[in-house]
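The sequence and structure are shown first.

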Amino acid sequence: MSSPDTTRPVGFQERRPSRRRRFAIAGFGLAALLAAGWTVAWQLVALRVEASITGWIEQRRALGDRIEHGPLALGGFPLTVDVTVRQVHWTREDGPTLLAAAAPELVASTPVWDPFRVAVHPVGGGRASAAGSWGSVTADADVAMAVVILGRYAPDRVDVTLRNIDLTGPGGVVWAHIAAFDAVVDPTPDAESGAIAAVPATLDVSGTATGVQPAGAEALPFEGPATVSWRASLRGDVDPAAGLPGLAAWRDAGGVIDVQHLSVSWPPIDLTGDGTVALDAAMRPEGAGVAEVQGVGAALDRLVAKGRMKPADAALLKLAAIAASEPSDDGRGQRVKAPVTVQDGTVRIGRIPVGKVRSIAE
């Protein structure tokens with residue numbers, strides 16, 4: 001018969017970790033495991049984003065782009081992967097035209113939980129320009145951002161956001177100021193259901209520009225800034241790196257721009273239209289469409305008030321507009337519906353020439 005253990009004091013109970021303590025230890029271990037996993041995920045996404053950016057740069061250089069920049073810096077842990085590049089300069093010669101863009105600092109940011117979404121924006125705004133024998137055009141934006149949704153082989157969608165844009169023409173002459181520009185680019189549009197098209201759509205673009213104020217607008221019969229919106233499709237394959245020869249090949253293969261909707265609201269004028277635009281043998285825009293305009297009478301009255309049209313001439317144009325008008329869809333007035341054509345370098349509304357277009361090769 002064994003004797004009782006006399007080495008422990010009377011009333012002693014063996015201590016075991018409490019349930020709360022066990023949960024705390026398990027929670028700490030789980031948190032440490034998750035933190036380690038998140039760190040590894042961040043590193044993997046960072047490597048992927050950095051490789052994608054450097055690969056894209058090398059691809060563009062191989063196509064003839066000249067890209068200069070400082071070293072790449074990684075940051076943004078733990079929620080995003082941010083690749084920061086300083087002193088970015090991009091140039092490309094497109095025939096006789098030199099295209100350029102620059103930013104003091106460029107940031108590409110990707111959420112760790114969505115590695116196929118990349119937001120690219122220059123810190124402190126950006127500048128882009130085009131220069132040729134005709135002079136130069138420069139666009140400066142206080143805010144610029146492109147959000148790219150990556151697909152398996154190419155971007156599935158690109159959202160472009162610009163704010164406070166100044167357009168400057170040759171000689172430093174200010175052309176226009178645009179308060180906001182938003183566009184959505186679909187590089188892989190779906191095939192049109194039930195549509196029979198000789199040339200399929202290869203790019204869809206829609207967008208809106210608000211607060212559009214052209215220089216010298218005070219002399220025009222309009223009030224305040226304009227708003228422009230559009231929806232269009234590029235039909236036919238075109239190589240953006242091929243310059244004018246690429247555009248000529250696109251034209252010869254039946255390439256066109258199909259404008260499904262164009263709207264311009266610039267009080268008192270409201271214009272809507274659609275049509276098709278292509279390039280002629282001289283590389284000039286050509287096409288046809290239909291435009292509906294409201295507010296013609298009020299615009300003519302403004303021209304008379306500004307001394308830019310004689311009252312008798314305005315009265316004759318008003319009679320012609322009334323004869324060609326019909327009730328608007330919203331029932332708020334009359335609208336003038338007329339065909340618009342661009343042919344042989346001349347823009348016509350009906351049979352009346354209203355402007356000229358130049359070759360994009362000049």
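A residue is called buried when its relative accessible area is under 20%, exposed when it is over 50%, and partly exposed in between. Glu105, with a relative accessible area of 17%, is therefore buried. The model discussed here is predicted.

**Salt bridges**

Side chains of opposite charge can pair when their charged atoms come close. The count of salt bridges in this model comes to 13. The table presents some of them, including the pair formed by Glu105 and Arg86.

| Salt bridge | Closest N and O atoms |
|---|---|
| Glu105 and Arg86 | 2.4 Å |
| Asp182 and Arg163 | 3.2 Å |

For the salt bridge of Glu105 with Arg86, Glu105 lies in strand 4 (residues 97-111) and Arg86 in strand 3, so parts 19 residues apart in sequence are tied together.

Asp182 pairs with Arg163 in a salt bridge. This pair links strand 9 (residues 174-186), which holds Asp182, to strand 8 (residues 155-168), which holds Arg163. Asp182 is partly exposed at 30% relative accessibility, and Arg163 is partly exposed at 28%. Elsewhere, salt bridges with shared partners connect Arg60, Asp65 and Arg92 in one network.

**Nonpolar surface**

A nonpolar patch on the surface is formed by Trp38, Phe77, Leu79 and Trp113, which together have about 470 Å² of accessible area. Of these residues, Leu79 is located in the loop between strand 2 (72-75) and strand 3 (80-94).

Conventions:
Residues are numbered from 1 along each chain as its sequence is written. This is a predicted model: local features need pLDDT of at least 70, side-chain atom pairs count only at pLDDT 80 or more; totals for chains, interfaces and linings use all residues. Side-chain values use heavy atoms; hydrogens and water are left out. Patches are made of residues with over 30% relative accessible area and no salt bridge: like charges are joined within 9 Å, nonpolar side chains (Val, Leu, Ile, Met, Phe, Trp, Tyr) within 5 Å. Accessible areas come from the Shrake-Rupley method with a 1.4 Å probe; for residues, only the protein chains shown count as cover. A salt bridge is a side-chain nitrogen of Lys or Arg within 4 Å of a carboxyl oxygen of Asp or Glu. Helices (H or I, at least four residues) and strands (E, at least two) are DSSP runs, numbered from the N terminus. Buried means under 20% relative accessible area, exposed over 50%, partly exposed in between (1.4 Å probe, protein chains only).
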